[in-house]
Structures are given as C-alpha cells and as structure tokens.
Amino acid sequence: SSNDKKYSLKAGWTPTDDSEYAIMYSKIDAQKDQPKSTITSSSLSTQREWDWPQWDKEGVYAFTDNNFGNSYLKTRWFYDQFNNYLVQYKNNSAWKTFQWGSAYDEYSYGGSAEYGMIFSKHELVTSLNYKYDSHKGYDEKDIKNEDYANKTTSLAVEDTYSLTNSLSLVTGVSYDRLTDD
C-alpha cells in the first residue's frame with residue numbers, strides 16, 4: 001500500500017512561435033508499506049517485512065525548445081532530491097516489531113542538449129547528456145553506511161535518411177561512460 005501527496009507547479013513562456021521555455025517544481029511526500037515477502041537465498045528462505053514511512057522526492061526542472069528554420073535545439077535541466085527512510089521489522093512476529101531502520105539522502109542533477117537539422121533527404125541529430133548521482137545511506141545500527149556517487153555522460157549522433165515517403169534508414173553511434181566519483 002502507499003499514501004502519496006503530489007504537488008507540482010509549471011510555468012512557461014513562448015516569446016515567439018519558434019521558441020518556448022518552461023520551468024517546473026515537483027514535490028512528492030509519500031509512505032509505502034510492503035507485505036511480508038519471502039526471499040530465497042541458496043536453499044534457505046526467509047521472510048522480510050519492510051515499510052518506508054518516508055519516501056519523499058523534490059525536484060526542479062527547466063526545458064527549452066527553439067526552432068531555427070531547418071534546425072532545432074532542445075535542452076533539459078534537472079535537480080532531484082530524495083529523502084527516504086526504510087524500516088525492517090522482526091521476522092515471524094505477530095505484530096510489527098521494529099528491528100532496524102535506514103535513512104537515505106540522495107540527489108541527482110544534470111541536463112541534456114539535442115541539436116537537429118534537416119537537409120536534402122537527411123535528418124541529422126546530435127545529443128549530449130550528463131547526469132550526476134549521489135547516494136548516502138545510513139544504517140541505524142551502523143552495520144553498513146553507504147556513500148558513493150557516479151557520473152553518466154553520453155554523446156550520440158544519428159542520421160535518418162528518407163529512402164521513400166514511407167521508408168527510412170536510421171544509423172547512429174553513441175559513446176556512453178559511467179564513472180565513480
């Protein structure tokens with residue numbers, strides 16, 4: 001089961017027929033419950049019961065779209081923050097008896113830019129994407145704390161060649177990289 005409260009606000013501006021800009025704010029305050037589940041590990045199986053009394057996400061997003069005759073430029077930017085709290089209960093308990101909890105503090109930000117142009121029978125599109133993810137987890141029993149981050153970068157080029165009005169040949173190449181920070 002879950003109980004979510006979602007809020008969002010978006011504002012946009014279109015100064016010309018060929019350009020538009022928008023910014024959005026979004027917030028989710030939630031809690032989630034999971035029924036008992038069985039996990040199989042080798043030949044043993046155990047029951048696990050978890051709840052997330054806090055499953056919150058907040059974000060800010062910006063978008064641009066610009067057309068320049070036979071070409072266009074789109075950009076997307078974002079910042080997301082996640083604050084979650086996980087509770088595990090003792091196994092085989094008739095009542096939910098608290099065993100341990102973990103808090104998570106995570107955020108990510110990044111953006112993308114896409115540029116496309118049409119010429120002759122081709123539509124050539126290039127894109128660049130970047131995302132930074134930070135994850136921090138705190139176990140209340142100090143058994144295992146987590147603190148890591150990574151970066152994802154992608155660069156792509158795609159060509160759509162129109163063979164006929166109803167048939168196209170699409171070719172592309174991309175370079176993707178994931179690195180630990």
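Here is a short chat about the predicted model shown above.

Visitor: What should I know about numbering and confidence first?
Guide: Residues count from 1 along each chain as its sequence is written, and side-chain values use heavy atoms, with hydrogens and water left out. Since you work with models: this one is predicted, local features need pLDDT of at least 70, side-chain atom pairs count only at pLDDT 80 or more, and totals for chains, interfaces and linings use all residues.

Visitor: How many helices and strands does the chain have?
Guide: Helices (H or I, at least four residues) and strands (E, at least two) are DSSP runs, numbered from the N terminus. Along the sequence the pattern reads β-β-β-β-β-β-β-β-β-β. That comes to zero helices and ten strands.

Visitor: What share of the residues is buried?
Guide: Buried means under 20% relative accessible area, exposed over 50%, and partly exposed in between (1.4 Å probe, protein chains only). Applied to the 181 residues in the chain, the buried share is 25%.

Visitor: What percentage of the accessible surface belongs to carbon and sulfur atoms?
Guide: Areas come from Shrake-Rupley with a 1.4 Å probe, and for residues only the protein chains shown count as cover. The chain's accessible surface comes to about 12500 Å². Of that, carbon and sulfur take 53%.

Visitor: Which residues make the nonpolar surface patch?
Guide: Patch members have over 30% relative accessible area and no salt bridge; like charges are joined within 9 Å, nonpolar side chains (Val, Leu, Ile, Met, Phe, Trp, Tyr) within 5 Å. Leu-9, in strand S1 (residues 2–16), is exposed at 61% relative accessible area. The patch covers about 630 Å², and its members are Leu-9, Ile-23, Tyr-25, Val-60, Tyr-79, Tyr-109 and Tyr-130.

Visitor: How many salt bridges are there?
Guide: Side chains of opposite charge can pair when their charged atoms come close. The rule here wants a side-chain nitrogen of Lys or Arg within 4 Å of a carboxyl oxygen of Asp or Glu. By that rule, the count is five.

Visitor: How far apart in sequence are the parts tied together by Lys-32 and Asp-4?
Guide: These two form a salt bridge, with the closest N and O atoms 3.6 Å apart. Lys-32 sits in strand S2 (residues 19–33) and Asp-4 in strand S1, so the pair ties together parts separated in sequence by 28 residues.

Visitor: Which strands hold Arg-76 and Asp-65?
Guide: Their salt bridge has its closest N and O atoms 3.3 Å apart. The pair ties together parts eleven residues apart in sequence, since Arg-76 lies in strand S6 and Asp-65 in strand S5 (residues 50–68).

Visitor: Which side chain of opposite charge is nearest to Asp-80?
Guide: Lys and Arg count as positive, Asp and Glu as negative, and His and the chain ends are not counted. Asp-80, in strand S6 (residues 71–89), is buried yet has no salt bridge. At 4.2 Å, the nearest opposite charge is on Lys-57.

Visitor: Which side chain does Asp-80 join in a polar contact of 2.4 Å?
Guide: A polar contact is a pair of N or O atoms within 3.5 Å; within protein, one must be able to donate a hydrogen and the other to accept it, and residues adjacent in sequence count only if both atoms are side-chain atoms. The partner of Asp-80 at 2.4 Å is Tyr-61.

Visitor: Is Ser-26 buried or exposed?
Guide: Ser-26 is found in strand S2. With a relative accessible area of 16%, Ser-26 is buried.
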